[in-house]
Number of protein chains: 2
Amino acid sequence: MAFEPISEHLAPAATVGRLIELTLGLSLPGSVLTLSPDEEVFAEEEEAAFVYKVVSGAVRTTRLLSDGRRQIGAFYLPGDVFGLESGPVHRFSAEAIKPTKVAMVRRSGVERAAAQDPVAARQLWLLAAHELEDLQDHMVLLGRKTAVERVASFLVKLSQRADTRVIDLPMSRNDIGDHLGLTLETVSRAMSQLARDRAISLPNARHVVLNNLSALTC
Amino acid sequence: MAFEPISEHLAPAATVGRLIELTLGLSLPGSVLTLSPDEEVFAEEEEAAFVYKVVSGAVRTTRLLSDGRRQIGAFYLPGDVFGLESGPVHRFSAEAIKPTKVAMVRRSGVERAAAQDPVAARQLWLLAAHELEDLQDHMVLLGRKTAVERVASFLVKLSQRADTRVIDLPMSRNDIGDHLGLTLETVSRAMSQLARDRAISLPNARHVVLNNLSALTC
DNA sequence: CGCAGGTTTGACTTCACTCAATCGGCGTGG
DNA sequence: CCACGCCGATTGAGTGAAGTCAAACCTGCG
């Protein structure tokens with residue numbers, strides 16, 4: 001578990017003027033935001049003037065239906081790029097899940113780089129293509145998997161991303177549910193079920209150890 | 001309703017050597033395939049050597065889970081590009097839904113064009129970005145909408161794509177179900193429900209008229 | 001030490017699924 | 001031209017997986 005600064009600012013604090021490496025071979029001047037838990041990076045429908053990269057902490061993107069139902073589009077961890085749009089506005093809002101630092105660069109700078117440098121343009125395409133691939137897998141999960149399968153797939157993916165079998169969950173059961181199309185209670189039950197079957201261990205609610213990858217991949 | 005040729009070939013027939021306009025300002029040499037209903041354009045895991053564009057008819061992309069559960073990723077109608085991958089292989093299979101013609105161009109040609117021409121590179125990115133946006137909306141549908149809402153949203157989207165309130169459905173209830181994360185019976189019941197509420201009319205199973213857009217957009 | 005937040009578990013409900021029968025429209029052949 | 005058969009769609013009845021509501025349980029923090 002990472003040690004975070006004890007106190008966070010009430011408003012996002014920005015460090016300006018650094019050079020940000022958005023993705024391999026695409027570095028642009030930008031700044032770093034420091035965010036407290038639940039603090040917003042950008043809102044749905046807001047003008048998409050910046051592209052972001054998680055430095056530390058974790059970010060969720062969310063969309064709200066008119067009656068309050070919520071879908072979490074994705075969780076972004078250190079190194080992940082988010083908020084890149086092709087249209088004028090953001091299609092999801094983005095919030096820090098815990099104390100978080102995100103780097104931001106002007107979108108206009110990114111587009112200019114892509115217009116001039118074919119390598120940068122390719123990186124931009126790859127960014128979108130990889131997000132698309134993740135989302136395609138997630139669609140299959142939402143469309144055709146059971147609650148236990150959804151939670152198992154989610155844990156396996158987190159484990160692959162962190163490249164460890166020991167996962168530190170930054171998000172609540174409610175967040176996981178809103179990502180997997182389930183309620184927080186169903187997520188909790190699915191985790192208990194997996195632990196009962198010895199596929200995972202739950203030293204505590206925010207720590208998961210994957211014991212049996214093949215039992216989870218079914 | 002379009003009039004299709006009475007008989008189709010048993011194997012896909014190809015016309016070679018035409019110039020294909022994949023997307024605005026990106027034309028490349030390619031050929032046109034003629035496909036019968038349920039005929040495969042490419043298979044999941046197959047090497048992704050071509051990019052395709054629907055000329056006439058309709059195409060579905062599908063992924064199968066080991067136990068036979070099926071998810072339809074998207075339906076592609078005339079003008080739509082599909083099968084563009086960032087990795088070496090196709091992540092879904094693609095099949096014609098009815099008698100269909102698809103244009104195909106070499107992926108290597110597309111990538112070369114993008115490497116040389118920033119405008120082509122941008123078109124490629126936009127292609128991925130728009131597919132990503134569609135998928136994000138679909139994720140919200142799968143994660144958080146009820147059966148009737150899913151069917152309503154699906155019909156509205158088809159209507160917007162065709163720019164008519166009179167929809168000619170090329171796909172079966174089973175296909176719609178596998179796209180919306182429902183069973184064919186639930187799709188049928190949802191349609192009957194919408195017709196009972198006068199939000200749509202069903203002159204027959206494959207024709208839908210949207211009567212009340214606002215009742216469907218809820 | 002006690003509170004507050006998130007988590008777990010339990011009891012009951014509900015929406016969509018399953019299984020099954022019937023319906024309907026289209027194409028073929030008598 | 002009409003009757004039959006076939007396949008997809010519809011409808012019904014019963015089941016089940018996940019949702020809802022509610023209570024109890026941690027556990028980290030003031």
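Predicted model: local features only at pLDDT ≥ 70, side-chain atom pairs only at ≥ 80, totals over all residues.
Residues are numbered from 1 along each chain as its sequence is written, and chains are lettered from A in the order in which they are written. Local features need pLDDT of at least 70, side-chain atom pairs count only at pLDDT 80 or more, totals for chains, interfaces and linings use all residues, and side-chain values use heavy atoms, without hydrogens and water.

Visitor: At what angle do the axes of helix H4 and helix H5 of chain B cross?
Guide: Helices are DSSP runs of H or I with at least four residues, numbered from the N terminus. Axes are lines fitted to C-alpha atoms over the stretch in contact, with angles from 0 to 180 degrees between N-to-C directions. The axes of H4 (residues 173-180) and H5 (residues 184-196) of chain B come within 8 Å and cross at roughly 100°.

Visitor: Are H4(B) and H5(B) roughly parallel or roughly perpendicular?
Guide: Angles under 35 degrees count as roughly parallel and 65 to 115 as roughly perpendicular. The crossing angle is roughly 100°. H4(B) and H5(B) are therefore roughly perpendicular.

Visitor: How many residues surround DNA strand D?
Guide: A residue is near the strand if one of its heavy atoms lies within 4 Å of it. The closest include A:Arg189 and B:Ser192. The number surrounding DNA strand D is 17.

Visitor: Which helix supplies the largest share of the surface near DNA strand D?
Guide: H5 of chain A and H5 of chain B each supply at least two residues of this surface. The largest share, 5 residues, comes from H5(B).

Notes: Parallel < 35°, antiparallel > 145°, perpendicular 65-115°, else oblique.
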